[in-house]
Amino acid sequence: MDLNELRLRPHQREAVDRTLAYLHLQPDGRAVLIHHPTGSGKTGIMAAVGRLRARSQPVLVVCPSAALVGQLQAQFIFDFWARIKAPAEWHFTRTERLTISRVDTVVRAIAAAGAAAEPMAVFATIQALQQIHADPVEYGKLTKVFGTVFFDEGHREPAPQWGRAARGLDAPVVLFSATPYRNDLKIFEVNQDYTSFLSFQGAVQAALIRPVEIEERDMPLAPAAFVAAVIALRDDAIAAGRARPGDKLIVRADHASEVEDLFEAFRTQLIGDGRDDGVLAVHDTFSQEGSEGAWKWDEVPPRLGDRNERFLVHQHMLTEGIDDPACTMLALFSRFRNERQLVQQVGRLTRHPGPDGVVAPPALVFARNGDGVSDMWRRFLAYDHACVENGGRPPLRDRAFVDRILAALPNLDYVDGHFRRKADLEDPAIASDLRVPLAARIYETRDGFDLDAFGEAVTQGLDDEDRVEMLAMPAEDPSCRFHLSVGLHQTPLLAETLFQTASLEITVYAHRGDRLYFYDTRGLWVDEYDGLGPRLRPDELSSLLPESGTGVSALTLRNTDLGPLVLRGRTLQAASLAQAGVFLGEQTHVVTRATGRPGVGVRRTLGFTSALVRQSEGPTHTLDQFSAWCDEIGTALDNRPPAATLFGRFAVGVGPPADPVPLNILVELDQYQDVFLNARNEPVRFDLDSACVDITQRADGPAGYALAFEIVIDGQDVPVWIRWDTKKGRYWLSSRELSALHDRDNPKVTLLNRLNRRQPFRIIIDPRTVYAYGRFYAVDLRLGAQDGPGRLVLGLLTGVAALGAITSEKGDLAAAAATWPAGSLFGFIDEALSVAAPDRPLGPTFEALVCDDIGWEVADFIGVDEATNPRVVLIPAKWTTGASGAGASKLYDVTGQALKNLPYLKADGQPLPGSKRRFDSDWKLKDGRVPRRRIGPGSMAFRGMYQRVRSNPAARREVWLVLGGGILSRTALDDAFRAAVPPAHALQAFHLLLSVYAACQSLGIELRIFCDD
């Protein structure tokens, strides 16, 4: 086979030659980069190199989407070769698609192709390769099978697992990218010596692609008006000769609802005007439906270039899988959130219509004034020019770059009151000048722990974090090592321009017996290193603040209570917390951080969730002093003196149970709302009601995972797998969907990564054990036991059978009335508390009773007694349809109302809100009216009575929750509590009601709950 037979463009031939030269060197683990603009013929380069490489071994082609897989497969089989009139021998006669369910099929096909000496190409999506990589057995079947891996990362921001999945196949990687930014080069370990580069502006000048013109103008915000403006812009461009009648215009929106609205606006206006231009809307939430001239698809239609629609509306799906030179215009209804997306979208417009060498009309981009699109494009062109000036290499921060920064420092300067010489960060003598804090995370280590191998892992970890290692060596004590590194960080003070500051970082660690003491100025993550065991448990660390010390002065607490309304945490400080009083619910709180004095002159802080011990406020100690301090801490841990008795008031840390099978989990997702983005850089929304859920067995998970739960993200059920790691002493989560969500401030951090590292979840193991914030604690969740905590909650409930028969909350009054309709909850309360009531299901009535519903309400009803047994009672009431049960979801509104208005029951609280004459008026809803004053004096007298009783220290202050219809049943809740493992909804109800009770008790308020029996 002779490359000269192929009618490749000069830049394609150059790229093929450079790539083959690199592959001929049999590179080990590094990738070569093809950096060419979209539309300049990267597929031809891939096909030519792939066909030559496939003579000896099959090739694997990986790309972002199934649409691209089909497109590339067609190009490899026939389309590209036909276009350049290549001899038949260049065509691929065998191709396969690779998914996790077809691994064995593909391996057999490869064996058959090898036996027949036929060239073979295998195609896979990035997602499919990641799924296979997550299963060691299936992934192992592909090792050494392929001779070359082609990775077309398209418009996606690459993730570290992509690089691992590609490199693990033990084959050289050829990376194709129109926008190879710094992360790509790091993740794929690109060897830039063989990079094939074609600049965007160079491709335009060679008439290989279209130039681009961006027009910013005032564009309507309303979809219908925007569509009318876009239709007019296209018409004007055709009339002016800037576009052809058959050219297509892409409209980019930001949400499915916007795509829907724009589609309807186009359909209405085009049909109304009798036009045949046609509109096609594409979004993965759509179903394929429509008629001639107006279609919605859930994917990019095959052979898009053969379709007649002239307006194409999408959110993200038309940034890839399009090979249609008729797409020449773009209108941005919503701007892109980053410049990479803009560049890739514009790349859909720049494909040259032919013939090569003839300048094509420019692609047109219509954007709103103020969206900054011109500035974004200008910055891309500046980047493109920087690559040209850098010899065709994308800029990369490397060791040479750091060396240039350090070389710019003066050799000697007067700083902070001292003359200082420039540090030589590679000189071992610098060890004597280094200062570190007395602080370390403490890990257990396994038998045979190798300090040298761990040091190599630290070096790799620093590289993964983009820190340039300058020096790594032992301290004077060889069991204590340090790594000196330099990091570069973009200042947050600049929104667009570049200004990076260099920071000197240190990693220091000491191995003592079966423990490793580890400190890193940037919190380097080393927990997954195989030789490390779990971090030290709280019950072990607590002995570092012994009872024999001078006291614990500060605590940070986190609540294991699953209730959504509880205080999640508290911070307490006092000279001695042991003597500073208690609060209700201490036993449900875990100590996450404690500060105290274990001895005279020593102040020590323990981080129980991180196993971090700190004994100094800053880097003031030498490496030798750090090493000696590790010895001191080790001795204290070995002696294990009794911990401060204060810790016993809170949830007690314990070791892992013999069988740590998780039964129920609550994930603290609320802290991540608007923090994590999807692949389209859109914030995702978590359904917080789904965050507390039972864990069940499933057989379709990744290797090693047999248990799973589901959470709801953006309205979709997302499976999350969970397993216990005995070696590491922690639970690991696995989820393809969570790994696709990234932190808005650091795209390298996925939601799955964040959850696994920080462990912000609480897991019930059994009725006596809970796992919270990375540790096990002894709690009492035997809700059905006679002396268990469930009895307290059930004791708050009074079952009233009539409440289950209530059919509405307020009825449907159409005129003035003396009371609310029979069958309504308001009518039931009014009758039960009336002076003449024959039955008293709610107990004795009041001297004064008013309806406070609607407007500035504190409760639905307020009752006051002053003459005898003084009391003031707020009565929030709630009704819903359905059968009453044991769940918490219907309780949130009424309990939230009660908690919000507790301050009005404080002895020194504010007066009741609203007009002073409020209770002399009628309650009004639609056409219905009922007097607000139900019993007792007028509004002014009632307000005075309420104020006097509330301020009386001897008076009872109470909250009554009156729940009608399908909200809650005492019997159902009791039955759920008695289950061997109470279900998730009953646990939520328990914690919710317990938290409301605790909030009331903290103010000296009694809580009563009336519900269906």
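1. Asp170 sits in the loop that runs between helix 7 (160-167) and strand 6 (173-177). Helices (H or I, at least four residues) and strands (E, at least two) are DSSP runs, numbered from the N terminus. The phi angle of Asp170 is near 60 degrees, a positive value in a residue other than glycine. Most residues other than glycine have a negative phi, and most peptide bonds are trans. Asp170 counts as partly exposed because its relative accessibility is 40%; buried means under 20% relative accessible area, exposed over 50%, and partly exposed in between (1.4 Å probe, protein chains only).

2. This is a predicted model, in which local features need pLDDT of at least 70 and side-chain atom pairs count only at pLDDT 80 or more, while totals for chains, interfaces and linings use all residues. Residues are numbered from 1 along each chain as its sequence is written, and side-chain values use heavy atoms, with hydrogens and water left out.

3. Asp416 has a phi near 55 degrees, a positive value in a residue other than glycine. Asp416 is in the loop between strand 16 (412-415) and strand 17 (418-421). With a relative accessible area of 67%, Asp416 is exposed.

4. A cis peptide bond joins Gly354 to Pro355, with omega near -5 degrees. Pro355 belongs to the loop between helix 12 (339-347) and strand 15 (363-368).

5. Is Arg918 buried or exposed? Arg918 counts as buried, because its relative accessibility is 10%. Its place is the loop between helix 22 (892-900) and strand 46 (922-925). A polar atom of the Arg918 side chain lies 2.8 Å from the backbone oxygen of Asp852. Leaving out residues up to four places away in sequence, Arg918 touches several residues, among them Asp853, Trp856, Glu857 and Arg943; contact means heavy atoms within 4.5 Å.

6. Glu96 lies in strand 3 (residues 94-97). Its side chain makes a polar contact with the side chain of Arg102, at 3.0 Å. A polar contact is a pair of N or O atoms within 3.5 Å; within protein, one must be able to donate a hydrogen and the other to accept it, and residues adjacent in sequence count only if both atoms are side-chain atoms. Not counting residues up to four places away in sequence, Glu96 also touches residues including Gln73, Val106 and Phe123.

7. Four strands form an open sheet in the order 33-34-35-36, with antiparallel pairing; two strands pair if DSSP finds at least two bridges between them. Strand 33 (696-697) and strand 36 (730-734) stand at the edges, each with a single partner strand, so one side of each has no neighbour in the sheet. Strand 35 (residues 716-725) pairs with strand 36 in the antiparallel sense over 5 bridges. Trp724 stands opposite Tyr731 in strand 36.

8. Gly290 is in strand 11 (residues 289-291) and is partly exposed, with a relative accessible area of 47%. Gly290 and Leu280 are 10 residues apart in sequence and 9.2 Å apart in space, C-alpha to C-alpha.

9. For the whole protein chain, there are 25 helices and 50 strands. Of its 1013 residues, 54% count as buried. Among contacts between residues at least 6 apart in sequence, 71% join residues at least 24 apart. The C-alpha atoms fill a box of roughly 105 × 85 × 65 Å, taken along the principal axes.
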